[in-house]
Amino acid sequence: MLSAAAGVLAVLVVLAGLMWMIGSSDGAEHPGRAQQGEQDGRAGQPGRSGQSETGTDTVELVDSTTHTTVEGAPVDPAPRQGTDGIIVHPLRPTPVHAEPGGEAIARMTPTQISDTWLPVIDERDGWVRVLLPSRPNGSTGWLRGEDLERAFTPYTIRVHLESMTLRLLFRGDEIGSWPIGIGKADTPTPAGRTFLLGSFTDAEQQFSPVILPLGSHSDTLDDFGGGPGTVAIHTWPTEDVLGTATSHGCIRVPRDALDRLTEVPLGTLVLVDQQ
Amino acid sequence: MKRRALAGMGATVGSLTAATALLIGAVSGHASPSPSEAYGAFITGVIDPPQPHVQSTDGTEQSDTLAELPDNPLLDLRAATVTAGDGHASVELANVEIVPSGGLPPELEEALQPLLDPVESGVTQLCAEDPTQDLSGELPGELDPLTEQLSSQQLCDVAEGGTPALLSADLITVACEGDSGTFEIANLRLLGQEIEIPGPDANTEIPLDPLVNITFNKQFSDDDGFTTQAMAVELAEGEFEVVLASATCGTAQDEPEEPMAPKPTPVETQLPVTG
């Protein structure tokens, strides 16, 4: 009797686990077909699509860009973790998969706003898992390693919403810290793990000499000013916005911060937390 | 006798076996370039990703606390503190309860019926015939340090009266420093009875079932570095996993072999951002 009883704890764990697994089978990581999102922006290549390389059916694949929504993209499993600084650049248009060797859910192109550089959050058997620039926030996907150029960025950008502070780290050491302005209560700056998606100038925008769009989007604004609600780092004409929550989601920084941040490679991780 | 109580009774015997594997000590292993990390609890599909969880990828110390775990039938605690830094990591869990008071969900009790029936009859017989008999004669000799501390009369009383937390402890601490680890536990109780912990070797696995692997004070080295865990349960070849208090220590970061990423050159374009 007692030897049989010795297994009860284990069986409890097994059954409870199976029940929970069954109960959560409609969880976040469901491969699915990509669907076209907004296409009204001008930067990048919104709307262009490629063909899936898997299966016999021809499947339209949406490009994963700041203008699109990729459904079925696995959710970032560790939105507060750093990485080892590896970033990748597609050498050619390449499918984005929900899992290594699995169904293609989107396509990644070599150039979007700028050259496409994406942070690597995991690697497995010749595949790399990257953060995606498309909606929804926290989207990830797997790319074939053979389609990618690799590089290393020694930088990490940390954004602390509670203290409204941005810190720039180089090889783990802080090399700069600045007060920032963040999104107001009804248009908050989204927390989580994202990355520097691009670096551009816009003669029609007077508020910042250079704008640094991130891979994330406003959670409350589907579009803004004719764009897809992309969150960005940039300056503001007046410095009284620093230390305030008054933006529509963007991260407003002082000019000297922008000067340093424009040196940082695209693909560099941006960790936004509530601290 | 209620089945709920019996489930706890049977699990108690399993825990008796498991508790013999608890250790205060350390073993060594090799470390490899990797970040340090620590988390309080992980249950596949339930507390997944683990919570609370910190990772230090750049050597700076990261810390987090959590006052409550997501609702689940297996694990409860009052406070979890995790810390990870340059070559060290630690976890401190306060007021931990495994299979907390209140018993099992009805579905679990029903599923366990085939296993519990023989346990029920056996325990009923034991308690009816002679609740004062010495349990140690019924259990493997290596369990003597524990069984001699337990009163079978109290266990029978518990089985009749309802189940307190199957296994509880005021404090569980794991920590690693480089390639060595420590594990401490304070005031461990089986069904409310406080017991002293002997000091067996690390990684003593509990041979409960071919499909189940329970290890207390699990210590191992892999590509992530050296890890010590208070308790780890693996089922179905790792498809389901429960880990309580895990600390992983990497070594100093080796610079990746990838070339340095380029400094970006801003492009002229238009992308309305959230401002």
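Strand β9 (residues 189–190) of chain B runs antiparallel to β7(B), and 2 bridges join them. The model is predicted.

**Exercise 1.** Identify the residue of β9(B) that stands opposite B:L167, then work out the pairing of β7(B) with strand β6 of chain B.

*Solution.* 
1. Opposite B:L167 is B:L190 in β9(B).
2. Strand β6 (residues 88–98) of chain B and strand β7 (residues 167–177) of chain B are antiparallel, with 10 bridges between them.
3. In this pairing, B:T173 of β7(B) has B:E92 opposite.

**Exercise 2.** Describe how β7(B) pairs with β8(B) and what lies in the turn of their hairpin.

*Solution.* 
1. Strand β8 (residues 180–186) of chain B pairs with β7(B) in the antiparallel sense over 7 bridges.
2. B:G181 in β8(B) stands opposite B:C176.
3. The hairpin leaves 2 residues between the strands, and B:G178 in the turn has a positive phi of about 65°.

**Exercise 3.** Characterise the second largest pocket and explain why it lies between domain 1 and domain 2 of chain A.

*Solution.* 
1. The space in the second largest pocket is about 630 Å³.
2. Its lining has 30 residues, of which A:P79, A:R80, A:Q81, B:H53 and B:D64 are the closest to the centre.
3. Elements that contribute two or more lining residues are β10 (155–160) and β20 (269–273) of chain A, and β2 (47–56) and β3 (62–66) of chain B.
4. β2(B) supplies the largest share, 9 residues.
5. By type, the lining has 13 nonpolar, 11 polar and 6 charged residues.
6. Domain 1 (49–152) and domain 2 (155–273) of chain A both give residues to the lining, so the second largest pocket lies between them.

How values were computed: Residues are numbered from 1 along each chain as its sequence is written. Chains are lettered from A and ligands numbered from 1 in the order in which they are written. This is a predicted model: local features need pLDDT of at least 70, side-chain atom pairs count only at pLDDT 80 or more; totals for chains, interfaces and linings use all residues. Side-chain values use heavy atoms; hydrogens and water are left out. Two strands pair if DSSP finds at least two bridges between them. Helices (H or I, at least four residues) and strands (E, at least two) are DSSP runs, numbered from the N terminus. On a 1 Å grid over the protein atoms alone, a cavity is a set of points where a 1.4 Å probe fits but cannot get out, and a pocket is an open set with protein on both sides within 12 Å along at least five of seven lines; lining residues have an atom within 4 Å of a point. Grid points are joined across faces, edges and corners, and a volume is the space filled by probe spheres set on the points. Ala, Val, Leu, Ile, Met, Phe, Trp, Tyr, Cys and Pro count as nonpolar, Asp, Glu, Lys and Arg as charged, and the others, Gly among them, as polar. Domain bounds come from an automatic or database domain assignment.
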